[in-house]
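Visitor: I would like to learn how to read salt bridges and a nonpolar core in a model. Please start with the terms.

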Amino acid sequence: MKPCSACGQPLPADANFCPACGAPAHSTPPGSRDATTGSFDPVTVGGEPEPDEFGDVPPLAPGTGMLVIVHGPGSGSRFLLDREVTSVGRHPDTDIFLDDVTVSRHHAEFVREPSGIAVRDLGSLNGTYIGTRRVEYQVLATGDELQVGRFKLLFVGEGTAGTVGQRP
């Protein structure tokens with residue numbers, strides 16, 4: 001059994017994705033963090049997926065999630081949310097770099113909470129939306145569509161829909 005190049009866990013011989021972290025079983029997995037910069041490289045899955053099509057998303061480890069760009073530049077790209085905090089913005093040092101003027105430099109972050117993964121807006125100019133509702137903080141559920149600037153992102157993972165709160 002060869003080890004996963006993203007997390008080091010042993011991979012079954014027939015695995016397409018790592019059962020521990022969800023990274024593709026490639027020698028240089030797209031969608032995993034670059035060891036030198038810590039930033040994510042997107043996985044291009046091609047085409048613009050429909051919001052209810054989760055068939056090509058690998059099984060995710062408990063406490064993790066994934067974002068899929070369903071509309072905007074890089075449509076089809078996927079980002080694994082496996083850290084305690086994952087930042088998103090237009091600044092090159094953010095974990096998920098969205099290069100568009102409609103995205104603030106430090107736009108939002110995804111935070112692991114006991115109830116799942118939450119999104120927290122960081123005071124962005126254009127706001128962070130779930131569906132058509134602007135949110136400052138919300139725990140996400142599979143199928144939630146977020147809007148960050150002109151990017152629409154589909155969330156896949158654990159959580160309870162509609163858990164809205166103030167910024168902790």
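Guide: Buried means under 20% relative accessible area, exposed means over 50%, and partly exposed lies in between (1.4 Å probe, protein chains only). By that rule Arg 120 counts as buried, because its relative accessibility is 15%. This is a predicted model, in which local features need pLDDT of at least 70 and side-chain atom pairs count only at pLDDT 80 or more, while totals for chains, interfaces and linings use all residues. Residues are numbered from 1 along each chain as its sequence is written, and side-chain values use heavy atoms, with hydrogens and water left out.

Visitor: How many salt bridges does a search of the whole structure find?

Guide: A salt bridge is a side-chain nitrogen of Lys or Arg within 4 Å of a carboxyl oxygen of Asp or Glu. The search finds four. One of them joins Glu 109 and Arg 120, at 2.7 Å from N to O. Glu 109 lies in strand β6 and Arg 120 in strand β7 (residues 116–121), 11 residues apart; strands are DSSP runs (E, at least two residues), numbered from the N terminus.

Visitor: Is Glu 109 buried or exposed?

Guide: Glu 109 counts as buried, because its relative accessibility is 15%.

Visitor: Which residue forms a salt bridge with Arg 83?

Guide: The partner is Asp 95, with the closest N and O atoms 2.5 Å apart. This pair links distant parts of the chain: Arg 83 sits in the loop between β3 (77–81) and β4 (85–89), and Asp 95 in the loop between β4 and β5 (96–97). Arg 83 counts as partly exposed because its relative accessibility is 24%, whereas Asp 95, at 11%, counts as buried.

Another salt bridge pairs Arg 112 with Glu 84, at 3.7 Å from N to O. Arg 112 is in strand β6 (residues 108–113) and Glu 84 is in the loop between β3 and β4, 28 residues apart.

Visitor: Which residues of the largest nonpolar core touch the most other members?

Guide: In soluble globular proteins, nonpolar side chains tend to be buried together. A nonpolar core is a set of buried Ala, Val, Leu, Ile, Met, Phe, Trp, Tyr and Cys residues joined through side-chain atoms within 4.5 Å. The largest core here has 20 residues, and Leu 67, Leu 98, Phe 110, Val 119 and Leu 146 touch the most other members. Its largest share, three residues, comes from β12.

Visitor: What is Leu 146 in contact with, leaving aside its neighbours within four places in sequence?

Guide: Contact means heavy atoms within 4.5 Å. The partners of Leu 146 include Leu 67, Phe 110, Val 119, Lys 152 and Phe 155.

How values were computed:
Helix = DSSP H or I, 4+ residues; strand = E, 2+ residues; numbered from the N terminus.
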